[in-house]
Amino acid sequence: MTIDIWIILLSISAGGILLLRDWRLTVGLLLLNYIALAGLLNQQPFIPPDLGQFGLSSLAVIKVLTGLCATSILAVTALTFSRDYGLEDLDEFGQAELRRALRAAARQRSTETFRLIDYMLPFGSGLAALGTSILLPLIYPIAPSPVLDFAWYWLALSGVLTIATASDVLKIGLGMLLCTSGIDLLYSTVISAPAASGLKIVPLSLLSTVQILLALAIAYLAGLVYGRLKTLAISELFRG
């Protein structure tokens with residue numbers, strides 16, 4: 001399997017989303033993931049560069065635009081629900097909710113020394129997913145090349161593991177978008193193969209629309225959770 005810069009960037013971005021918790025990093029890595037995905041597709045010989053002198057394919061441009069829309073939605077959502085409020089802008093009910101949020105933050109700080117343990121499960125599962133993504137193209141190839149098989153297997157597996165180990169609503173959304181990106185990549189490569197029927201604009205548009213709608217659904221869910229708990233942490237849903 002040939003290793004190139006796009007595969008490296010795709011692997012690092014998906015792995016970073018799985019491991020990291022700061023949304024400023026993970027949302028940025030999601031955009032990098034979409035760019036790496038577009039670059040990987042753009043260099044495939046069976047996807048012609050149909051945008052003339054730029055040497056780009058319309059498929060790659062669609063992936064980048066989809067990534068920009070999805071990451072913008074999640075970034076605005078994270079900014080909206082992580083901003084600080086002044087006490088002068090809050091009534092007594094708002095201040096009560098603020099005190100509740102501060103208690104939750106204090107509990108989080110009290111477990112700061114144990115955070116290394118929280119990274120062990122994502123790291124171990126990420127290593128297992130990486131090994132699986134390397135072996136599966138040899139055992140059960142689907143895409144036209146082992147590189148593309150590795151890419152979509154890695155995106156799908158890292159997305160599932162991100163959802164399984166997520167600590168907040170936004171992280172769940174990032175995992176879902178990784179999974180759909182993997183499915184999108186598989187469809188784009190299989191349908192573009194020489195023996196296939198070729199790319200169609202309607203299915204590609206639907207796949208991009210699904211990813212954008214998924215980002216909007218996560219934003220809406222984040223708003224509901226934050227409106228009730230004043231935090232996006234999933235653990236707060238199970239506290240009394």
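A: Let's begin with the cysteines. Cysteine 69 is partly exposed, with a relative accessible area of 36%, while cysteine 179 counts as buried at 16% relative accessibility. Here buried means under 20% relative accessible area, exposed means over 50%, and partly exposed is in between (1.4 Å probe, protein chains only). The disulfide count is zero, where a disulfide is a pair of cysteine sulfur atoms within 2.5 Å.

A word on how to read all this. This is a predicted model, in which local features need pLDDT of at least 70 and side-chain atom pairs count only at pLDDT 80 or more, whereas totals for chains, interfaces and linings use all residues. Residues are numbered from 1 along each chain as its sequence is written, and side-chain values use heavy atoms, with hydrogens and water left out.

Of its 240 residues, 41% count as buried. Among contacts between residues at least 6 apart in sequence, 69% join residues at least 24 apart, a contact being heavy atoms within 4.5 Å.

Further in, the largest nonpolar core has 48 residues, and Leu10, Leu30, Leu74 and Leu185 touch the most other members. Such a core is a set of buried Ala, Val, Leu, Ile, Met, Phe, Trp, Tyr and Cys residues joined through side-chain atoms within 4.5 Å. At least two core residues come from each of α1 (5-19), α2 (23-42), α3 (58-80), α6 (146-164), α7 (169-192) and α8 (201-229). If we set aside residues up to four places away in sequence, leucine 74 touches Val27, Leu30, Leu170, Leu174, Leu177, Ala215 and Ile218.

Lysine 63, in helix α3, counts as buried at 3% relative accessibility. Apart from neighbours within four places in sequence, lysine 63 is in contact with Tyr34, Ala38, Leu41, Asp184, Ser188 and Leu204.

Serine 158 sits in helix α6 and is buried at 0% relative accessibility. Beyond its neighbours within four places in sequence, serine 158 is in contact with Ala14, Leu18 and Leu178. A polar atom of the serine 158 side chain lies 2.6 Å from the backbone oxygen of tryptophan 154. Serine 158 and glycine 182 are 24 residues apart in sequence, and their C-alpha atoms are 9.6 Å apart.

Serine 125, in helix α5 (residues 115-139), is also buried, at 14% relative accessibility. A polar atom of the serine 125 side chain lies 3.0 Å from the backbone oxygen of proline 122.

Finally, the aromatics. The structure holds one aromatic pair: tryptophan 152 and tyrosine 153 are stacked, at 4.3 Å centre to centre and 25° between the planes. Rings of Phe, Tyr and Trp (its six-membered ring) pair if their centres lie within 6.5 Å; planes under 30 degrees apart are stacked, over 60 edge-to-face and the rest tilted. Both tryptophan 152 and tyrosine 153 are buried.

Methods. Helices (H or I, at least four residues) and strands (E, at least two) are DSSP runs, numbered from the N terminus. A polar contact is a pair of N or O atoms within 3.5 Å; within protein, one must be able to donate a hydrogen and the other to accept it, and residues adjacent in sequence count only if both atoms are side-chain atoms.
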